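Here's a quick briefing to read with the model open beside you. Have a look first, then work through the topics in any order you like.

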Amino acid sequence: MGGERILSLLIKLKSHPDKLLYEHLQKVGDLCQRNLSLKKLNINECVDFNVLRDISYLIGVTHDFGKSTSYFQNYLQEENEIKKIKLKNNLETHHGFISALFAYYVVKEYLSKGNFINKEYYKYLPVISFLVVKKHHGNLNNALDEVIDFDQKSEEVFLKQINSINFTEINFIYKELFLKINFKYDCNQFKKNILDSEAVYIYNKLDRCEKKIIRNLDEEDDFFYYFTTLLLYSLLLDADKTDAANLKEIKRININENIVDEYIKKKFGDIKSKESKINNIRNSIYHEVIANLNNLNLDNDRLLSLNVPTGTGKTLTSLSFALKLKGKIEREKGYKPRIIYSLPYLSIIDQNFAVFEDVFRIFLKGKNPESDLLLKHHHLSDVFYTAGNYGKEEFENISKKDISKDILLIEGWNSEVIVTTFVQFFYSLISNRNKAIRKFHNIVNSIVILDEIQAIPHYYWLLLNKIMHFLSEKFNLYFVLITATQPLLFNEEAKEIKSLLKNKEEYFNALNRVELVLNLKSICLDNFKEILEKDLINDPTKDFLFVLNTISSSQEIYKFIKELKLKNTKNYYLSTNVIPKIRLERIEDSKKESSKRKIIVSTQLIEAGVDLDVDIVYRDFAPLDSINQVAGRCNRNFSRSKGTVKIFVLKQEEEKREYHKHIYDSFIVSKTKDIFEELGNNKVEEKDFLNLNNFYFKKVSEGKADDKSTEILEEVKKLNFEEISKFKLIEDDYLKVDIFVEVDEEARKVYKKYQELSLIKNSFERKNEFLKIRKNFYEYVISIPCQYASGFIEDKEIGYISKEEIEQGNYYDQEVGFKREKQASGGALIC
C-alpha cells in the first residue's frame with residue numbers, strides 16, 4: 001500500500017471534529033498503558049501485571065472502534081445543527097455497543113494466543129473489557145444485565161453498522177495499533193464471525209458463555225474482579241477525556257518531606273520557650289509518630305491508626321507522617337504515592353486546607369501552592385486549576401475562561417496532595433458512576449488519611465473493613481485512620497491495624513482537661529432554661545457553648561439567652577438555618593481573643609474539628625462519639641484548671657418526645673445510655689475517656705447488624721454495579737429546598753449574575769458559567785425542609801429571598817436564619 005494511500009486512510013476517519021480516529025485511539029491506548037505502568041500492584045497470583053497492562057492498552061485502542069461506521073462519520077461531518085442533532089440520536093450513530101463487542105473479541109483473542117483464556121481470573125477479562133468499553137460514556141450497569149441486553153432491533157442496527165465499516169481501512173489502522181504490543185488480529189475475522197453466523201447467534205453465544213462466567217462470581221468470593229473493572233474503567237475514562245480535551249500532562253512534583261518540621265520551627269519557634277502541658281503532649285505525640293516510621297514494614301503495615309485526644313495536633317502530625325511515608329515509599333518501592341486527606345465535614349475542610357496551604361508556603365518560599373501540588377475537592381470548591389503556566393494567562397480574566405479543562409483536572413485528582421470529603425473518596429471506591437470512578441486509578445498506590453473516622457456509620461464498618469483490606473494488600477494503598485474515638489472498623493488486638501503510638505493510653509491519662517457531668521433524666525426546655533440562666537448569671541466571666549440537637553430547640557434557647565441581656569457578653573448562633581458565609585464569619589469571630597465573654601448556641605455542626613475553646617459546654621444527649629467531639633471544644637488548650645461538659649436529655653414540651661430521637665440512630669443511643677448507666681456515678685473525667693470509648697465501641701461492634709454491609713459486599717462481588725448505589729454515607733430522610741438568601745449587596749450582585757445565565761442558550765456554556773460563580777453563589781444558599789419552604793420553588797430550580805423581604809421582617813432573620821413558620825408533623829428538624 002503506497003504512502004499516499006496510507007496517509008489518506010489515516011486522515012479520512014475521525015473520532016472528533018478536530019481529531020483523527022487513528023491518533024485518538026493511539027493516544028488513549030498509550031495513556032491507559034502508561035498510567036497503569038506507573039502503578040505497583042500485588043496481583044501476580046491472580047494475573048500477570050504485564051498482561052493486564054496490555055489489556056488496558058487494547059481497551060484504549062478499541063474503545064471507539066464504532067466511530068469508524070459511516071453513520072458516525074456522517075454525523076461528525078454534518079454542519080447543519082438540526083440535522084446533526086437528529087443524526088446523533090439515531091441508534092446507528094451510537095458506538096458503545098459495537099466497540100464493546102469488538103473489544104471483547106480482541107481481548108479474548110489476545111488471551112487465547114497467550115494460553116491464558118481458560119485460566120482462573122483471566123477468563124473474566126474479556127467480559128470486563130466489554131463492560132468497560134460499553135459504558136465509557138455512561139455509568140456502569142449490572143454485568144449480567146449488560147451481556148443479555150440484545151434484541152431484534154439491536155441486531156438490525158448492529159448489522160447496519162458492521163456493513164457500513166470499511167474493513168480494509170480499519171484493518172490497516174489496527175494492524176498499526178496492535179503492533180505496539182506484538183499482537184496480530186485480523187479485523188475481517190470480527191466481521192466474518194458476525195455476518196456468517198448472524199449477529200443474534202454470535203451474541204447469544206457470547207451471552208451464554210459470559211452469563212455462566214458472571215454467575216460463577218457468586219462462588220468466587222473475591223474483590224479482584226470488581227476493583228480490576230474499576231481500575232480499567234478509570235484508566236479508559238481518564239485517558240479518553242484527557243485526549244479529547246487536549247489536556248497537557250500534569251508533571252509530578254518532588255516534595256521536601258521535612259517541610260512540616262520546618263513549618264513548626266518557623267511558626268512556633270523554640271518549643272521550650274512556649275512550654276506548657278498541652279504543647280509538651282503535642283510535641284511528644286508528633287515525634288513519637290514520626291519516629292515510628294522507621295519501624296514500619298511497607299509490605300505488611302498498610303493499615304495504620306493515630307488515636308489521640310482532641311486538640312493534640314493531629315492535622316500537622318498526620319501530614320508530616322504522610323509526607324515522610326511518601327518519601328520512604330519512593331526510596332524503597334520506586335513509585336510516587338499521592339496523599340489524600342479526607343474528612344467527613346465541609347465545615348472543617350476549609351480550616352485544615354488553610355493549614356496545609358500555610359505549610360506549603362514554606363516549601364514554595366512564601367508563594368501560594370498551585371493545584372498540581374495541593375488541591376481541595378468537594379462539590380462546592382473552586383473550579384479553577386493552576387499548574388506552572390497552565391491557567392495563568394486566563395486567570396486574570398475569569399469571565400472569559402473556559403473551565404471545562406480545569407474541571408477535568410480537578411475531578412481527576414491530578415495533584416500531589418488532595419483534601420476532600422468522605423463522600424468524594426468513598427464514592428470513588430463504591431459506585432457505578434462514571435464521574436466518581438474516573439479518579440480511581442489516581443487513588444491506587446496512594447496514602448489515604450481518614451480524619452474523624454468515627455463519623456462512618458457502624459453498619460458500614462464491615463464493608464469498609466473488607467474493601468480497605470483488599471486495596472491495601474493488592475493495590476498498595478496505605479490508610480491512616482485518625483480519631484479521638486477509635487471505632488472498631490479494625491481489630492487492633494488481632495493486629496488488623498497498627499497504632500502509630502506505642503502507649504496511647506499515656507496521652508489520654510495525661511490530659512484531664514474536662515469533666516463530664518451526666519443528667520440522664522429527661523427534662524423539658526423550660527426546666528433547662530432555668531438551669532442555664534442560673535449558671536450564666538453565677539459564672540459571668542465564663543465562655544459557654546450550648547449544643548442542641550434540633551434547629552427549633554437551638555433557636556428557642558438562643559432567643560431566651562438574648563432576652564437575658566447579660567452584660568459584657570457576645571452571643572453567637574450557629575446552624576445550617578443560617579447561610580454558610582455568615583456561619584463561617586461567626587465561627588472565625590468566636591475564636592478571636594475578646595474582653596467580652598462568649599456564649600455560643602449551636603446545633604451539632606460545631607462538634608468536629610472546629611477549633612473553639614470554651615469553659616463550659618451544655619450538650620443535649622447524643623451518641624458517645626458526638627459527646628467526645630463536643631468535649632474537645634472545652635478547655636481545648638488546657639489553659640484552665642478544668643472545664644465542665646454537662647449532658648442533658650432534653651425533650652419537647654407538648655409531645656414529651658426527646659429531641660435526640662429525631663436525629664440519631666436508636667441503636668447507638670441505647671449503647672451510650674447503657675455504658676453511662678453501668679458507670680454507677682454521674683461524673684466522668686477525661687483521663688477515663690479512652691476506656692469509656694473502647695467499652696462503647698465494643699458494645700456497638702457486638703450488637704450491630706451487618707445487613708447493609710453484607711448486602712453491598714454481595715453486589716460488589718457479583719459486579720452488580722447499579723445495586724451498589726445503595727451505599728449512602730449521608731441519609732436524607734426528608735425532601736429539602738435550596739433557597740438563595742440575599743442578605744447584602746454582594747449577594748445581590750451574585751444573584752444578578754445567576755439570573756443572567758438564563759440568557760445563555762447553550763446548556764453546556766450555561767453550566768460552565770454557573771460553575772464559575774458556584775462557590776460564591778452557595779455561600780448564600782440554605783437547604784430547608786419542603787414543609788417549611790415549598791412555596792419558594794414553584795417552577796424555579798432554586799428559591800429566593802430578596803434583601804427587601806428580609807428588611808421587611810419576612811422569611812429570614814439575620815440572627816437565627818430562615819423563619820420556620822410551619823411546624824413539622826414529625827417534630828423539629830436537624831441541622
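Predicted model: local features only at pLDDT ≥ 70, side-chain atom pairs only at ≥ 80, totals over all residues.

Residues are numbered from 1 along each chain as its sequence is written, and side-chain values use heavy atoms, with hydrogens and water left out.

**How the spaces are defined**

- Rolling a probe the size of a water molecule over the atoms shows where empty space is left.
- On a 1 Å grid over the protein atoms alone, a cavity is a set of points where a 1.4 Å probe fits but cannot get out. A pocket is an open set with protein on both sides within 12 Å along at least five of seven lines, and lining residues have an atom within 4 Å of a point.
- Grid points are joined across faces, edges and corners, and a volume is the space filled by probe spheres set on the points.

**The second largest pocket**

- The second largest pocket comes in at about 1,400 Å³. It has 48 lining residues, and the closest to its centre are Arg282, Gly311, Asp611, Arg636 and Asn637.
- Helices H15 (259-268), H16 (277-291), H17 (314-333), H18 (346-363) and H28 (580-590), plus strand E13 (597-602), each put at least two residues into the lining of this pocket. (Helices, H or I with at least four residues, and strands, E with at least two, are DSSP runs numbered from the N terminus.)
- H18 gives the most to that lining, with 5 residues.
- By class, the lining of this pocket has 18 charged, 17 polar and 13 nonpolar residues. Here Ala, Val, Leu, Ile, Met, Phe, Trp, Tyr, Cys and Pro count as nonpolar, Asp, Glu, Lys and Arg as charged, and the others, Gly among them, as polar.

**The enclosed cavity**

- Searching the whole structure turns up 1 cavity of 30 Å³ or more. The largest cavity holds about 110 Å³ of space.
- Its lining has 13 residues, with Thr310, Arg513, Asn628, Glu686 and Phe689 nearest the centre. Helices H29 (624-631) and H31 (689-703) are the elements that give two or more residues to this lining.
- The lining of the largest cavity divides into 7 nonpolar, 4 polar and 2 charged residues.

**Strand E6**

- Val417 lies in strand E6 and is buried (under 20% relative accessible area; exposed is over 50%, partly exposed in between; 1.4 Å probe, protein chains only), with a value of 1%.
- Leaving aside neighbours within four places in sequence, Val417 is in contact (heavy atoms within 4.5 Å) with Ile255, Ile339, Phe356, Phe360, Leu373, Leu374 and Leu375.
- Thr421 is also in E6, which runs over residues 417-421, and is buried at 7%. Beyond residues up to four places away in sequence, Thr421 touches Ser342, Leu343, Leu346, Ile349, His377 and His378.

**Helix H10**

- H10 (residues 167-178) has 12 residues and reaches 15 Å from its first C-alpha to its last, close to the 16 Å expected at 1.5 Å a residue. That expected span is 1.5 Å times one less than the number of residues.
- H10 is mostly covered, with 9 of its 12 residues buried; among them are Phe167, Glu169, Asn171 and Phe178.

**Cysteines**

- The disulfide count (a pair of cysteine sulfur atoms within 2.5 Å) comes to 0. For Cys32, the nearest cysteine sulfur is that of Cys187, 18 Å away.
- Cys32 is buried at 1% relative accessible area, and Cys46 is buried at 7%.
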